[in-house]
Amino acid sequence: MKTNEKNKGIPLEKGQTFPLTIKRLGINGEGVGYFKKQVVFVPGALPNEEVVVEATNISAKFAEGKVKKIRKASPHRVDPPCPIYHECGGCQLQHLSYEKQLHEKRDIVVQAMERFSGLDLGKTDIRQTIGMEDPWNYRNKSQFQTGLRNGKVIAGLYSKNSHHLVNIDHCIVQHEATNKAVQTVKQILQDLKVSIYDERKRKGIVRTIVCRVGFKSGQVQIVLITAQENLPRKDLIVSEIKKRLPEVKSIMQNVNGEKTSLIFGDKTVHLDGEEVIQEQLGDLTFDLSARAFFQLNPVQTVKLYDEVKKAAQLTGKEKIVDAYCGVGTIGMWLADGAKEIRGMDTIADSVEDAKKNAKKHGFKNATYVKGTAEHWLPKWLGEGWRPDAVVVDPPRTGCDQKLLGAILKVKPKKFIYVSCNPSTLAKDIKTLSKAYKVEYIQPVDMFPHTAHVECVVQFTLKRDN
């Protein structure tokens with residue numbers, strides 16, 4: 001192979017086949033191996049497997065490939081039960097036994113800490129991943145893009161790195177109620193010849209079917225995401241949903257005419273039924289509006305929040321801030337053991353839901369406000385109110401740097417970080433390590449058969465701060 005200075009040391013060419021031993025799983029669930037010191041990512045390959053790989057992409061820092069042949073299979077390899085597993089891309093680990101998935105997810109956390117956190121891993125308590133007893137049909141919400149194929153309405157997910165829409169008739173990680181509802185709504189749109197959005201042409205009306213179910217209540221909410229507010233045959237659509245799906249208690253419309261990967265737009269329209277559905281976690285019930293954030297796996301959420309409560313070590317005297325509070329779930333999980341809860345979120349609907357949920361449960365010690373933690377924390381500190389503990393549950397991008405700055409300024413004795421992305425968690429740990437010590441990291445498997453892993457981290461303020 002001819003090389004120049006820029007490509008010097010890269011031993012592979014696109015299309016080349018070569019043997020590879022897989023060393024570990026990467027952050028996205030792909031197998032990772034090394035060919036002549038070049039790191040190679042191979043989706044579908046498992047640790048300790050010997051495979052023949054075809055190079056599909058070469059860059060200066062890494063290569064990507066696909067499995068052509070498995071010479072030595074992992075003893076933990078299983079047949080994925082989903083018939084469109086390889087096409088869909090929604091799950092990444094159905095070909096790995098569930099017990100081994102839990103082991104590998106802990107290792108993904110370890111890798112992220114090695115790369116970004118600056119922690120001494122020999123002295124860091126990274127615990128075994130908490131898994132599910134039954135790791136199927138666990139998702140309470142689906143967001144399926146719509147399309148037309150051969151004149152038929154389809155709905156599903158885009159396959160990885162493409163604009164190919166994979167039609168999903170039945171998803172084995174979705175709750176059965178959402179599977180049934182989406183299939184029925186697809187048929188209604190087909191029967192009524194409703195205009196379907198075309199992403200490429202940016203024409204049409206219905207672009208996404210969102211469905212959420214309350215595991216405990218059995219209530220179902222349908223949200224139609226449309227490219228414009230005017231929805232022709234709206235009354236007929238609503239009538240058919242009510243007739244064919246009596247379990248649907250809330251029918252909403254959300255308007256998103258932008259060219260964006262975001263599902264929801266700013267405007268939500270109430271079409272029929274209630275504006276919210278109810279979900280229950282433990283003894284607490286929550287009202288969920290169309291745009292409100294709520295954990296997608298209610299069964300594991302109880303375990304996750306119990307870990308937050310353990311990390312908080314409440315005595316009844318603590319003042320707690322629940323940042324990124326959503327509908328108030330974490331704060332209310334802690335409220336009976338704390339003196340006061342204050343939560344904030346940038347989505348007004350979520351804050352309103354949180355207020356209603358707190359009032360419904362009689363939590364007079366819980367207050368919720370709209371805005372960012374980096375605004376409210378210094379403001380409250382200036383008013384003489386200092387929290388004993390702050391809990392954050394940020395998006396995958398991690399905590400806003402201004403929020404981390406506010407934490408380092410306010411310096412609560414305890415800081416509890418709920419993370420859905422080990423890499424951004426590790427980077428935030430490095431920032432927080434100026435004032436905080438990591439007591440332990442507890443991985444929790446919120447999304448079986450995917451590469452995602454959630455973590456609860458207990459930080460304590462260093463003595464010299």
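Buried means under 20% relative accessible area, exposed means over 50%, and partly exposed lies in between, with a 1.4 Å probe and protein chains only. This is a predicted model, in which local features need pLDDT of at least 70, side-chain atom pairs count only at pLDDT 80 or more, and totals for chains, interfaces and linings use all residues. Residues are numbered from 1 along each chain as its sequence is written, and side-chain values use heavy atoms, with hydrogens and water left out.

## Salt bridges

Side chains of opposite charge can pair when their charged atoms come close. A salt bridge here is a side-chain nitrogen of Lys or Arg within 4 Å of a carboxyl oxygen of Asp or Glu. The whole structure holds 18 of them.

| Salt bridge | N to O distance | Relative accessible area |
|---|---|---|
| Glu 240 and Arg 244 | 2.9 Å | Glu 240 11%; Arg 244 30% |
| Lys 360 and Asp 287 | 3.2 Å | Lys 360 36%; Asp 287 14% |
| Lys 355 and Glu 352 | 3.6 Å | Lys 355 37%; Glu 352 39% |

Where do these partners sit? Helices (H or I, at least four residues) and strands (E, at least two) are DSSP runs, numbered from the N terminus.

Take Glu 240 and Arg 244. Both belong to helix α4, residues 234-244. They are four residues apart, so about one helical turn separates them. Glu 240 is buried, while Arg 244 is partly exposed.

Lys 360 and Asp 287 make a link between elements. Lys 360 lies in helix α7 (residues 348-360) and Asp 287 in strand β14 (residues 284-288). The pair therefore ties together parts that are 73 residues apart in sequence. Lys 360 is partly exposed. Asp 287 is buried.

Helix α7 also holds Lys 355 and Glu 352. These two are three residues apart, so they are separated by about one helical turn. Lys 355 is partly exposed, and Glu 352 is partly exposed too. Elsewhere, salt bridges that share partners join Asp 191, Glu 240, Lys 243 and Arg 244 into one network.

## Annotated positions

Which residues carry the "binding site" feature in UniProt? The unreviewed entry places it at Gln 295, Tyr 324, Asp 345 and Asp 393. UniProt positions follow the numbering used here, feature names are shortened, and annotations may be inferred rather than shown by experiment.

Asp 345 lies in strand β16, residues 340-345. At 11% relative accessibility, Asp 345 is buried. Contact means heavy atoms within 4.5 Å. Leaving out residues up to four places away in sequence, Asp 345 touches several residues, among them Tyr 324, Gly 326 and Lys 370. A polar atom of the Asp 345 side chain lies 2.8 Å from the backbone nitrogen of Gly 326.

Asp 393 sits in the loop between β18 (389-392) and α9 (401-410). Its relative accessibility is 10%, so Asp 393 counts as buried. Beyond its neighbours within four places in sequence, Asp 393 contacts residues including Gln 295, Tyr 324 and Glu 454.

Note on methods. A polar contact is a pair of N or O atoms within 3.5 Å; within protein, one must be able to donate a hydrogen and the other to accept it, and residues adjacent in sequence count only if both atoms are side-chain atoms.
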